[in-house]
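Here is a short report on one protein chain. Look through the sequence and the structure first, then read on.

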Amino acid sequence: MKKYILALITVSLFNVTNAQETVDIPNTPDSRVITTGVPFLLIASDARAAGMGDVGVATSADANSQQWNPAKYTFSLSKSGIGINYTPYLSKLVNDIFLGNVTYFNRLNERSAFAVSFKYFSLGEIEIVEDENSEPLIEKPNELTFDASYSLRLADQFSMAVALRYIRSDLRIQVVDANAAPASSIGVDIAGYYQSEEEAYDSFNGRWRAGFAFQNLGPKIKYDDGGRENFLPSTLRLGVGFDFIFDDYNKLAITGEVTKLLVPTPPIIGDRIVFTDTNGNGEYDEPDPNNPLPEDDVFISVEEDIIIDGKDNNVGFGKGIFQSFGDAPGGFSEELREFTWSLGAEYTYQDSFAFRLGYFNEAEDKGARKFFALGAGFKYTTINIDLSYLFSASKVQSPLENTLRFSLVFNFGDNEYDEY
């Protein structure tokens with residue numbers, strides 16, 4: 001009640017000529033971070049993309065393209081391949097939380113390819129003790145996805161792909177709620193990729209790359225009939241890159257990418273105080289210290305927990321996708337801050353050694369993820385080994401800070417489709 005009295009005193013210090021005046025008091029923070037269900041889908045699981053600052057939608061094709069842009073598979077030089085990835089999570093605190101991923105792809109012919117992938121996120125073991133005399137109960141919450149994609153070359157330099165993903169999240173604690181069940185949903189990806197012919201420039205050859213991907217488009221996910229529904233992390237990725245081909249041994253690839261969650265922005269919630277002049281004199285009298293709310297002059301009504309600014313985000317996933325482009329309370333400037341951007345570089349020598357650098361940036365009031373990344377890759381016959389390391393550049397420490405990620409790729413029928 002005190003905050004309402006303070007608001008009334010503030011308004012009363014001014015000469016108000018309207019018969020009604022309102023004061024909005026926000027009760028939500030200025031930072032409006034967009035949250036979703038199953039956020040592990042946004043973690044880069046392969047070390048190659050992680051070493052370039054989570055850049056992947058427009059990089060050259062590899063076995064792990066399924067997570068970023070499956071349309072790239074029709075440009076793979078190898079007939080087929082298997083990618084195995086391991087990412088420790090919160091490694092400074094625990095040693096049993098990790099993200100694992102296995103992907104298999106196969107080029108059916110010169111114009112089409114398919115791929116399947118399995119991703120598993122373990123949240124470790126949770127020990128629950130009821131009292132000092134009982135044996136501890138062990139819960140192992142986890143989340144996983146299984147997806148399949150098909151890509152088709154529509155032109156010599158352009159391909160598209162579609163992927164279907166099954167998502168399962170088992171975060172239930174049986175001791176707390178015996179009726180809790182794993183949540184599940186289905187997501188769809190639609191992607192495209194362009195890769196130009198190699199062209200000759202003054203002192204080097206070059207090749208352009210570009211890609212887009214709409215990812216995780218699907219129904220909300222919830223854990224019980226009465227529980228809250230959570231949006232999937234539906235995402236738009238746009239990227240462009242260029243390959244500097246200096247000679248047969250040296251190549252430098254530069255790639256930039258922007259990403260946006262296709263999820264509504266949380267509105268500003270607060271209380272609205274409505275002041276009404278009841279004696280019709282067109283003014284609000286200055287309050288008497290002994291009677292700050294004179295009933296014969298001012299009538300006050302309070303609307304609690306209403307949307308002060310922005311749009312209601314309790315909408316279906318389809319409407320939420322379109323709403324996400326124009327619902328930020330801060331207008332166009334806030335919409336721009338909801339885009340993350342990243343820039344990555346990859347130098348390769350003789351197609352047998354690679355060194356990578358990357359930077360990822362997110363606005364301070366939208367999550368404040370900012371980090372530098374380093375990576376390296378080694379190729380021996382048909383086997384690729386990739387490593388990456390992350391350095392946080394934000395005051396908000398990343399859960400992947402100082403984490404070493406590993407990827408192992410087996411390529412079969414190497415250079416069978418060397419169209420370039």
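Val38 counts as buried because its relative accessibility is 3%, and the cut-off for buried is under 20%. This is a predicted model. Val38 sits in the loop between β1 (20-26) and α2. Its backbone has a positive phi of about 35 degrees, although Val38 is not a glycine.

Asp351 also has a positive phi without being a glycine, near 55 degrees. Its place is in the loop between β16 and β17. Asp351 counts as exposed, because its relative accessibility is 55%.

**Nonpolar cores**

In soluble globular proteins, nonpolar side chains tend to be buried together. The largest nonpolar core here has 16 residues. Val38, Phe40, Ile43, Tyr89 and Phe121 have the most contacts inside it. A second, separate core has six residues, including Ala63, Tyr73, Phe105 and Ala115.

Which residues does Ile43 contact, leaving aside neighbours within four places in sequence? They are Gln67, Tyr89, Leu99, Lys119, Leu400 and Arg405.

Ser80 is found in strand β2. It counts as buried, because its relative accessibility is 8%. Not counting residues up to four places away in sequence, Ser80 touches Tyr104, Phe105, Asn106, Phe410, Asn411 and Phe412.

**A buried glycine**

Gly51 lies in the loop between α2 (47-50) and β2 (80-88). Its relative accessibility is 0%, so Gly51 counts as buried. Beyond its neighbours within four places in sequence, Gly51 is in contact with Arg356, Leu357, Gly358, Ala373, Leu374, Gly375 and Ser388. Arg405 is 354 residues from Gly51 in sequence, yet their C-alpha atoms are 8.9 Å apart in space.

**A nonpolar patch on the surface**

Some nonpolar residues lie at the surface. Tyr249, Tyr347, Tyr349, Phe353, Phe355, Leu357, Phe372, Leu374, Phe378, Ile385 and Phe391 form a nonpolar patch there. Together they have about 980 Å² of accessible area. Which strands each supply at least two residues of the patch? They are β16 (339-349), β17 (353-361), β18 (370-380) and β19 (383-392). Tyr347, one of the patch residues, is found in strand β16. It counts as partly exposed, because its relative accessibility is 31%.

**Salt bridges**

How many salt bridges does the structure hold? It holds 15.

| Pair | N to O distance |
|---|---|
| Arg165 and Asp147 | 2.9 Å |
| Arg207 and Asp243 | 3.5 Å |
| Glu362 and Arg369 | 3.0 Å |

Arg165 pairs with Asp147. Arg165 counts as buried because its relative accessibility is 6%. Asp147 counts as buried too, at 4%.

Arg207 forms a salt bridge with Asp243. Arg207 lies in strand β11 (residues 205-217) and Asp243 in strand β12 (residues 235-245), so the pair ties together parts that are 36 residues apart in sequence. Both Arg207 and Asp243 are buried.

The side chains of Glu362 and Arg369 also meet in a salt bridge. Is Glu362 buried or exposed? Glu362 counts as buried because its relative accessibility is 8%. Arg369 counts as partly exposed, at 38%.

Salt bridges can also join into a group. Arg48, Asp62, Glu346, Arg356 and Asp386 are linked in a network of them.

Key: Residues are numbered from 1 along each chain as its sequence is written. This is a predicted model: local features need pLDDT of at least 70, side-chain atom pairs count only at pLDDT 80 or more; totals for chains, interfaces and linings use all residues. Side-chain values use heavy atoms; hydrogens and water are left out. Helices (H or I, at least four residues) and strands (E, at least two) are DSSP runs, numbered from the N terminus. Buried means under 20% relative accessible area, exposed over 50%, partly exposed in between (1.4 Å probe, protein chains only). Contact means heavy atoms within 4.5 Å. A nonpolar core is a set of buried Ala, Val, Leu, Ile, Met, Phe, Trp, Tyr and Cys residues joined through side-chain atoms within 4.5 Å. Patches are made of residues with over 30% relative accessible area and no salt bridge: like charges are joined within 9 Å, nonpolar side chains (Val, Leu, Ile, Met, Phe, Trp, Tyr) within 5 Å. Accessible areas come from the Shrake-Rupley method with a 1.4 Å probe; for residues, only the protein chains shown count as cover. A salt bridge is a side-chain nitrogen of Lys or Arg within 4 Å of a carboxyl oxygen of Asp or Glu.
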